[in-house]
Amino acid sequence: MTCSLSEILKYKNIHVLNRYQKDFPNAMLSAEEAFKELLKYIWLTAKHDHDRKKNPLDSALDFRCLMHEEMLDIDNMWHTFLLFTKDYHDFCKYYLQDSFLHHYPLIDEEKQQAASDYTNQLDCYLSYIYDHLGAATLRRWFLVDLTDRL
């Protein structure tokens, strides 16, 4: 498993933050907020990969951690971090224990999957986010009101 969430959240990179501020001056999230959310996303994705390997038959883990449209600022921050290839490589090597988290764009085949499959996978993904990062992160990532669901 990767390092703890608290450990990964200690990582700082002023060059990435400055570049994000320059490239996305009108983003909803500040550079610091977007970077923090990206670090949480990277941690969650690594945790999910670990959990799936440990429990391959668990249907609650049958989803992919994807960047959805609502997560645009976080995705833009990831693109910015990727521009600093050495920093990103070193980050992955240290915090993900020599693993490397690749960025895969959502492809047309995934966009066209059956609505019931999509809904089921999204429900599992949202539940996983809620269980491991809490309601505040889920709200921030998906701009949802959870009051009727809690």
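Leaving aside neighbours within four places in sequence, Tyr41 is in contact (heavy atoms within 4.5 Å) with Cys65, Leu66, Met67, Met71, Trp78, Tyr125 and Trp141. This is a predicted model, in which local features need pLDDT of at least 70 and side-chain atom pairs count only at pLDDT 80 or more, while totals for chains, interfaces and linings use all residues. Residues are numbered from 1 along each chain as its sequence is written, and side-chain values use heavy atoms, with hydrogens and water left out.

**Nonpolar core**

- Tyr41, Tyr125 and Trp141 touch the most other members of the largest nonpolar core, which holds 42 residues; such a core is a set of buried Ala, Val, Leu, Ile, Met, Phe, Trp, Tyr and Cys residues joined through side-chain atoms within 4.5 Å.
- At least two residues of this core are supplied by each of α2, α3, α4, α5, α7 (115–133) and α8, where helices are DSSP runs of H or I with at least four residues, numbered from the N terminus.
- Helix α3 provides the largest share of this core, with 10 residues.

**Helix α4 and Asp73**

- Helix α4 has 12 residues and reaches 17 Å from its first C-alpha to its last, close to the 16 Å expected at 1.5 Å a residue, the expected span being 1.5 Å times one less than the number of residues.
- Buried residues of α4 are Asp73, Ile74, Asp75, Asn76, Met77, Trp78, Thr80 and Phe81; buried means under 20% relative accessible area, exposed over 50%, and partly exposed in between, with a 1.4 Å probe and protein chains only.
- The buried residues of α4 pack against α2 (14–23), α3 (31–54), α5 (85–95) and α8 (135–142).
- Asp73, which lies in α4 (residues 72–83), is buried yet has no salt bridge, and the nearest side chain of opposite charge, Arg140, is 8.7 Å away.
- A polar atom of the Asp73 side chain lies 2.9 Å from the backbone nitrogen of Met28, and, not counting residues up to four places away in sequence, Asp73 touches Tyr20, Ala27, Met28, Leu29 and Ala34.

**Salt bridges**

- The count comes to 7 salt bridges, each being a side-chain nitrogen of Lys or Arg within 4 Å of a carboxyl oxygen of Asp or Glu.
- The side chains of Arg140 and Glu33 form a salt bridge at 3.6 Å, N to O; Arg140 lies in helix α8 and Glu33 in helix α3, so the pair ties together parts that are 107 residues apart in sequence.
- Arg140 is partly exposed, with a relative accessible area of 35%, and Glu33 is also partly exposed, at 29%.
- A network of salt bridges links Glu33, Glu37, Lys40 and Arg140.
- Lys47 forms a salt bridge with Asp51, their closest N and O atoms being 3.2 Å apart; both residues lie in helix α3, 4 residues apart, about one turn of the helix, and both are buried.
- Lys10 and Glu7 meet through their side chains in a salt bridge of 3.5 Å, N to O; Lys10 counts as exposed at 56% relative accessibility, whereas Glu7 is partly exposed, with a relative accessible area of 27%.

**Arg19 in helix α2**

- Arg19 lies in helix α2 and is partly exposed, with a relative accessible area of 33%.
- Not counting residues up to four places away in sequence, Arg19 touches Thr80, Leu83 and Phe84.
- The C-alpha atoms of Arg19 and Ala31 are separated by 8.9 Å, the two residues being 12 residues apart along the chain.

Notes
Lys and Arg count as positive and Asp and Glu as negative; His and the chain ends are not counted. A polar contact is a pair of N or O atoms within 3.5 Å; within protein, one must be able to donate a hydrogen and the other to accept it, and residues adjacent in sequence count only if both atoms are side-chain atoms.
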